[in-house]
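Subject: Structure handover

Hello,

Here is the structure for you to look through. Please open it first, then read the notes below it.

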Amino acid sequence: MGNDFNGQNQDGEWHSASSTDSNSSWGQSSAQDGFSSQNTASSANTYTNQGEPAEKPVNIVTGIVGAFVGVLIGVVLWVVIYQMGIIAGIAGFVMMICAFKGFELLGGRMNVAGAVICIALVLIAVYFAHNISVAISIMQEMDDITFSNAYKSIPEFRKLVSEFDKAYLHDLLIGYGLTLVAIIPSIKGKTRR
């Protein structure tokens, strides 16, 4: 029993060597536990941060190039469909999808600026695609007229021939309507990501 006690303090209480040792070792283990739990928490945060996928940077310039290529595909499709005697508005839908996909492929990913650029390009392209299609139809109807002259004559035909103007506006408005229908799901699909 003499080995278990270290001595008396001034109050006459006996202290055991083993109890002080265990208290000191307990304090050390608590400190070590606290240190290891901090390490565990910090390493958990590190793993969490590493687990999150980093967003790709957006390259607007190459994205615009990709969107432009996508729009050109839609313009060609518009002209081909129009020459078959079908209202080419469905090509506006395809044009919108191609513009978004082209921007994503070359620009890295879609963002708000990219979506605005794609929509603006498509709305402009629909107008030109429709005029190109109408100019080709004028060329087919009239002999000895170049594409350039047929394109330039569209406003004059619209002023002089009311049926031509009505058909022109009807097809253009339907084309814009179908294109706008394509814009809404395209934007929703991109904003969910």
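Predicted model: local features only at pLDDT ≥ 70, side-chain atom pairs only at ≥ 80, totals over all residues.

**A surface patch**

Ile73 is partly exposed, at 48% relative accessible area. Residues are numbered from 1 along each chain as its sequence is written, and side-chain values use heavy atoms, with hydrogens and water left out.

Ile73 sits in helix H2. Helices (H or I, at least four residues) are DSSP runs, numbered from the N terminus. Ile73 also belongs to a nonpolar patch on the surface, together with Val65, Val69, Leu105 and Leu106. The accessible area of the patch is about 470 Å² in total. Such areas come from the Shrake-Rupley method with a 1.4 Å probe; for residues, only the protein chains shown count as cover. Patch residues have over 30% relative accessible area and no salt bridge; nonpolar side chains (Val, Leu, Ile, Met, Phe, Trp, Tyr) are joined within 5 Å, like charges within 9 Å.

Which helices supply the patch? Helix H2 (60-83) and helix H3 (89-107) each give at least two residues. H2 gives the most, with 3 residues.

H3 has 19 residues. From first C-alpha to last, H3 reaches 27 Å, close to the expected 27 Å. That expected span is 1.5 Å times one less than the number of residues. The buried residues of H3 include Gly89, Met95, Phe100 and Glu104. Just after H3, Gly108 has a positive phi of about 100°.

How many salt bridges does the structure hold? There are 2. A salt bridge here is a side-chain nitrogen of Lys or Arg within 4 Å of a carboxyl oxygen of Asp or Glu. Side chains of opposite charge can pair when their charged atoms come close.

Glu104 is buried, at 12% relative accessible area. Lys101 is partly exposed, at 44%.

Asp165 and Arg158 also meet in a salt bridge (2.7 Å, N to O). Arg158 is partly exposed, at 28%.

Is Asn131 buried or exposed? Asn131 counts as buried because its relative accessibility is 4%. Asn131 lies in helix H4. Its side chain makes a polar contact with the side chain of Tyr168 (2.4 Å). A polar contact is a pair of N or O atoms within 3.5 Å; within protein, one must be able to donate a hydrogen and the other to accept it, and residues adjacent in sequence count only if both atoms are side-chain atoms. Leaving out residues up to four places away in sequence, Asn131 touches Tyr151, Ile154 and Tyr168. Contact means heavy atoms within 4.5 Å.

Ile117 is partly exposed, at 22%. Beyond its neighbours within four places in sequence, Ile117 contacts Ile60 and Ile64. Ile60 is 57 residues from Ile117 along the chain, yet their C-alpha atoms are 9.2 Å apart.

Lastly, look at Asp144, in the loop between helix H4 (112-141) and helix H5 (147-152). Asp144 is not a glycine, but has a positive phi of about 55°. Asp144 is exposed, at 84% relative accessibility.

Best wishes

How values were computed: Buried < 20%, exposed > 50% of the residue type's maximum accessible area, 1.4 Å probe, protein only.
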